[in-house]
Amino acid sequence: MSEPVLEFPESLPVSAMRDEIMRAMAQHQVIIVCGETGSGKTTQLPKMALALGRGKRALALEGWGKPAHAPGQGKLIGHTQPRRIAASSVAKRIAEELKTPLGEVVGFKVRFQDRLSRDASVKLMTDGILLAETQTDPQLLAYDTLIIDEAHERSLNIDFLLGYLRQILPRRPDLKIIVTSATIDAQRFADHFASRHGPAPVIMVSGRTFPVEQRYRPFEESREHDLNDAICDAVDELWLGPAAARDAGDILVFLPGEREIREAADALRRHLSHQVHLRHAEVIPLFARLSQAEQDRVFDTGGGRRIVLATNVAETSLTVPGIRFVVDVGTARVKRYSFRSKVEQLLVEPISQSSANQRAGRCGRVANGICIRLYAQDDFEQRPRFTDPEILRSSLAGVILRMKSLHLGAVEDFPFIERP
């Protein structure tokens with residue numbers, strides 16, 4: 001087996017905070033790491049846990065104590081992601097950085113796919129997989145460290161996990177928990193995991209961002225001019241307009257769902273075929289149902305210019321490389337329980353301000369960026385600041401039945417972050 005190489009890239013803001021984060025991990029049972037998307041927390045935190053001697057193949061770095069376990073007796077570092085596509089791509093990325101084959105030290109387990117050897121130390125998975133494991137391993141004894149990533153997404157699974165972990169912490173003093181979040185709501189997580197010494201420590205990591213210019217381009221939908229025409233106009237403005245940089249980078253377009261992505265891709269390919277300079281630009285869709293090979297195309301930046309059309313999977317979970325411009329349609333598909341018709345509906349809704357800012361931040365990662373929002377500025381200012389957690393949008397019957405099936409105990413006694 002090849003020996004993993006532990007290096008922390010200096011270009012990532014989280015690497016500058018490495019000593020502080022590792023000290024907090026060593027001293028506290030739970031820590032909250034709050035950092036903008038792109039600060040490197042998803043890829044570097046598992047490596048910091050390895051450096052502290054946690055995981056099966058304990059690797060403790062010089063100066064950070066001895067491995068937590070004797071060789072071969074260690075437990076796993078569990079690392080959860082809200083989406084399958086993120087779990088597999090993050091596992092590949094960390095394995096590359098450790099210079100080991102995927103599955104040997106770092107692997108992933110998602111529904112229908114398991115790439116994990118018996119001696120692996122870091123296991124990436126969706127939060128649903130970890131919740132399911134609480135059925136067969138109620139104390140989660142297979143793990144010595146758990147990283148709950150993207151906790152700000154506040155899906156039902158994440159809320160159940162955070163409540164469940166708080167219940168088992170007193171019985172598992174050896175278990176370390178790291179909760180990461182991209183938004184300013186970190187204090188809520190810190191209070192949730194408060195112990196007799198006060199709230200859990202919160203470590204702020206700055207994002208790696210260049211200035212992003214916001215341009216508002218609201219459009220009136222008519223028979224002659226629809227959303228796809230507005231997207232084509234925005235692409236022309238970014239790549240062909242008078243202010244267009246000649247070294248223009250790639251464009252990331254946020255759309256609500258798969259159908260809209262397919263329609264926009266057809267419209268863009270037709271539009272680009274008439275442009276002499278842009279007819280070789282590539283249009284790449286990105287959504288959760290694509291095959292692994294098609295998803296991997298997003299990470300190949302070798303060719304010419306690209307337009308990536310994505311759902312909100314690219315908002316926080318995945319970092320698409322080479323993006324200089326963002327076109328934000330301003331909507332997303334959201335599951336919401338309709339009190340009137342008594343059913344859960346998947347509706348296209350305007351996104352919150354925090355989501356819109358996350359989307360804009362995707363283009364300020366490599367150089368100065370431009371974000372074109374296809375809605376008006378006063379519309380943006382009237383939107384809610386944060387997206388409602390899923391537990392407040394769901395049917396209470398569904399929440400209770402889900403908790404019963406997961407054996408999470410009585411609903412009224414469960415430590416929710418926010419009560420439904």
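H5 and H6, the latter spanning residues 156–168, pack at an angle of about 45°, with their axes 9 Å apart; axes are lines fitted to C-alpha atoms, for helices over the stretch in contact, and angles run from 0 to 180 degrees between N-to-C directions. Helices (H or I, at least four residues) and strands (E, at least two) are DSSP runs, numbered from the N terminus.

The model is predicted: local features need pLDDT of at least 70, side-chain atom pairs count only at pLDDT 80 or more, and totals for chains, interfaces and linings use all residues. Residues are numbered from 1 along each chain as its sequence is written, and side-chain values use heavy atoms, without hydrogens and water.

Among the H5 residues that meet H6 is Thr134, while Tyr164 is among their counterparts in H6. Thr134 is buried, with a relative accessible area of 5% (buried means under 20%, exposed over 50%, partly exposed in between; 1.4 Å probe, protein chains only). Apart from neighbours within four places in sequence, Thr134 is in contact with Leu140 and Tyr164, contact meaning heavy atoms within 4.5 Å.

The sheet is open and has six strands in the order E9-E16-E13-E10-E12-E11, with parallel pairing; two strands pair if DSSP finds at least two bridges between them. Its edge strands are E9 (212–216) and E11 (282–286). E9 and E16 (residues 369–373) are joined by five bridges, and Ile372 in E16 is the bridge partner of Arg215.
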